[in-house]
Amino acid sequence: MKKELKRFRKLLSPDYPACTEREVEDEEDLHSVREGALKITLHVLKNMNLPDLANTLHNKSEASVYQTNLKSNLREKFKRINEGISQPGSSALLNEIYTELYTTEGWSGDVNNEHEVRQIETASRRPAAEEKPIKCNDLFKDKSIRSVLTKGVAGIGKTVSVQKFILDWTEGKANQDITFMFPLPFRELNLMKQKHLSLMDLLHHFFPEMRKLELIASYKVVLIFDGLDECRLPLNFQKNERLCDVTESASVDVLLTNLIKGNLLPSALLWITSRPGAANQIPPECVDQVTEVRGFSDPQKEEYFRKRISDQSLADKIISHVKSSRSFYIMCHIPVFCWISATVLERMLGETESGEIPKTLTQMFTHFLIFQIKHKDQKYHQKCDPDPQQTRESILALGKLAFQQLEKGNLIFYEEDLRDCGIDVREASVYSGVCTQIFREEFGFHLGKVFSFVHLSVQEFLAALYAFLSFTSRNVTEQQTTDLSDLLTKPIMSDLLRSEVDKALQSENGHLDLFLRFLLGLSLESNQTLLRGLMPQTGSSSHSKQETVEYIKEKIRENPSPEKSINLFHCLNELDDHSLVQEVQTYLNRGGNSRLRGTRLSPSQWSALVFVLLNSDQELDEFNLIKYYPSEECLLNLLPVVKVSRKAVLCGCDLTEESCRALSSVLSSNSSRLRELDLSHNNLQDSGVKPLSAGLENPHCTLEILSLRWCNLTEESCRVLSSVLSSNSSRLRELDLRKNHKLQDSGVKLLSPGLENPHCTLEKLRCCLTAVLQMKVVLLWLQL
C-alpha cells in the first residue's frame, strides 16, 4: 500500500515531467492515476455541496479527452495536400508548400453573372490599397461575428484555406480558444440528403470519436461548410420548419437551414465557403462577415514558380513567358492554373520537350493533356507511346461527363452522374488512372466516392474537346440522339462555331465563354496536329478560319455588352487573329493628347480599344479623356475603362446630360472602383446633375471627390446635391462647385440641410460665397 501511495504521489506531483518520451507503462500509469484523481475530486466536490463546480470540472476534463482525439484525427486528414494529383503517395505536406492566399474583407452582396475568369480579370485591377486583407486564422477574432461566408472562384484556394485553418488549430498554432472544429463539406452532406437524423447524430456519424459527447452547446464549436456551390440540397430557408433541439431528428436540409439561421446551436460559429454564383443562396441576414479569396497576388505568383521550379534560371524563363501573355498572367491568380502552367512550361522551356511554346489557353491545355497521358503510360506501363484507342475512349468518356455536367453547372459528380454518361462506376479508376492529374476519384472522409476534374477550366477544355471530336468523327447519315444532337446536325464546322458563338452571347451568366474559346482554338489545324500526335485518328475540321473570324467581328460590330465583347476578343486571340487590336494600337502609339482626333472609329474598333486598355499591363489609375479625344462619343465608348479607373478626368470635353446618365450607371455598378471624378468645364446644367445624383446615392457608389466647376449650375443643383449629402450611402468627402455664378448665396444655402444631416461625410466644400455666408458656413461646420 505504501509503495502504491508513493507512486501516486510521484505521478501527481507538479514536478513530474509532462507526457513526452516516456515508457508506455508510465503513460498508462499517468492516465489511470489522473482519471482516479479526477473521480476523487468530483466526489469530494459533490460532498461539499458544490455541484456546479463539479459539473464544470467534469465538462472540461471530458472536453479535453475528446478534443485530443479529434485534433489527432483531423491532423492526419489535413496535414497533406494533393496538388492536382489524387493518387496515394503523391501528396506533399501542406505546411511545407503552403503559400498564404490573398483574402479580403467585404463584398457587395450582388451576384456577378460574368464567367469566373472575367471576374478574376476585374478583381486583378483593384489596387491593394483599397481593400482590407484578412488572414483566415483571424476570421473569428471579432467576438461579435458568428457566421462568415467566404467566396472565391473555382480553384482559387478556398478548400486549401479551410484545410490550413483546421491544421493550425490541431497543431496548437491558432484559435486555441475553440474547443471543437467540425468540417462538414457539402459534397459529403449531399450523400446524406435522404437521411433523417438529429444534429448530434450527424456529428457522431462524421466524427465517431465524439460519439459519447452529449453537451455540445456548452463548448465553443466551429462548424465548417465547404463548397456551397456543390450543394445538391434545396436549402429552403423560407419553408423549412424551425428546429432548436440538437437531439431532434430532421432531414439534413432542415438541420443546415436552422444551423445557418441560428435557431439550432446558436452558440456555434459557422464558416461557409462558396463560388460567387452560389453565394446568394444564404440570406444576407444570416451572414455577419463576408470575405473573398483572391488567390495569388502578383508577388505570390512568382514565389510559387520559384518554389515549384528548382532551376531558378528556368523559373525566370517561365515567369517571363507567363508575363508576356496578359491572359496567362491573369489566370495565374488561380493556384491550379499556376500548377498547369508550371507543368507544361517546365518541359517546353527546359530540355525535355521541344516545339512551339504555348501562347493561347487552348495550346496550354492541349499540351497539358498530352503530357499527362504520355507521362502516365511511361510511368505505369513503361511505354513510350500511349494506346491511341484506349486514349480516345477515355477522353471521349471524360469529355462527355465534362460536357453534360458543364451544362448543369456541376463541378463534382457522384456515381449516378457517371452512370448517366455511360461510365461504369467499377471502371472509374481506369479513367482516373489514364488522366491521373486531370480526373480525380476521391474517397469521402466517411462516405462513398466523389469525382471531379482538377479545375473548372480543365472540365471546360475536355467538354470542348468532346464536342470537337464528336463533330469531326460523326456519321452525318445517322440520326443523332445524343446530348450533342444540336451541334452534330450542323453541316460544316463553320456553322457549328457560329452557332456556339451565338449560344455563348445569349448565356446570362457567361458559363460558356471559356468553352467557346477552347472550341475555337481546337478548330485550328495547328492544334489538331498536336492532338494527332496523341490520337492519330483525330479528324480535320476543314473550315475557313477567316469566315469564323469575320463572323466574330460582325458580332463585335453589333456591340453587345462590354463583357461579351471582351470575350469575343479572347476568341479572336485563340484563332490567332489580332487585326482589330493591331489597328487601334497604331492610334495609341501616336502618343500625346487627342490621339484619336480626326479618326472615325467603327463600333468594332471602339470595342478593340476597350479590350486593349483593359488588358494593358499598366494599372488604370487615372483615365484622362483628353488623351484620346475630348468628346461625348469617346467617353460613351470608353465607359468600361472609366469603371475600372480610380480617377476620371473629363474636364472640357463638351459633355451633356447624356454623359451624366451614363456616368450614373458607372457609379451604380458594384464593380466600379471610381473614387474621383472631374467634370469641370462642361455645360452639364441642372439637367445633368439630376441623373448623376441617382448614381451618387446608390449604395454601390464609391466616389469620394467630385468637381463640378464651370458647369452652369443653378440653385436647383444645390437642392439635388443636398439630398445626396443626406443619403446614408454617400461617401463624398470633397465637393467643388466654384465658378457656377448662377448658384448665388441662395443656392448654396440649400446645401445646409445636407451638411447638417448626420449621414453627411463631406470634409471639404469649395464654392463662391459672400463674406457673410462664408462665415455662416464656417459656424455651421464648427457646430457639426
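Does F225 count as buried or exposed, and at what relative accessibility? At 1% relative accessibility, F225 counts as buried, where buried means under 20% relative accessible area, exposed over 50% and partly exposed in between (1.4 Å probe, protein chains only).

## Basis of the model

This is a predicted model, in which local features need pLDDT of at least 70 and side-chain atom pairs count only at pLDDT 80 or more, while totals for chains, interfaces and linings use all residues. Residues are numbered from 1 along each chain as its sequence is written, and side-chain values use heavy atoms, with hydrogens and water left out.

## Surroundings of F225

F225 is placed in strand 7; helices (H or I, at least four residues) and strands (E, at least two) are DSSP runs, numbered from the N terminus. Among the residues that F225 touches, not counting those up to four places away in sequence, are L184, F186, L256, W271 and T273, contact being heavy atoms within 4.5 Å. F225 and F182 are 43 residues apart in sequence, and their C-alpha atoms are 8.8 Å apart in space.

## Aromatic pairs

The structure holds 19 aromatic pairs. Rings of Phe, Tyr and Trp (its six-membered ring) pair if their centres lie within 6.5 Å; planes under 30 degrees apart count as stacked, over 60 as edge-to-face and the rest as tilted. F180 and Y219 form an edge-to-face pair, with 5.4 Å centre to centre and 85° between the planes. This pair links distant parts of the chain, 39 residues apart: F180 is in strand 5 (residues 180-183), and Y219 is in the loop between helix 8 (199-206) and strand 7 (221-225). F180 is buried at 0% relative accessibility, and Y219 is buried with a relative accessible area of 9%.

The ring centres of F182 and F207 are 5.1 Å apart and their planes are at 50°, so this pair is tilted. Because F182 lies in strand 5 and F207 in the loop between helix 8 and strand 7, the pair ties together parts that are 25 residues apart in sequence. Both F182 and F207 are buried. One aromatic cluster is formed by F180, F182, F206, F207 and Y219.

Six strands form an open sheet in the order 3-10-4-9-7-5, with mixed pairing; two strands pair if DSSP finds at least two bridges between them. Strand 3 (103-105) and strand 5 are the edge strands, each pairing on one side only. Strand 4 (residues 147-151) and strand 10 (residues 289-293) run parallel and are joined by four bridges. In strand 10, T291 stands opposite T150.
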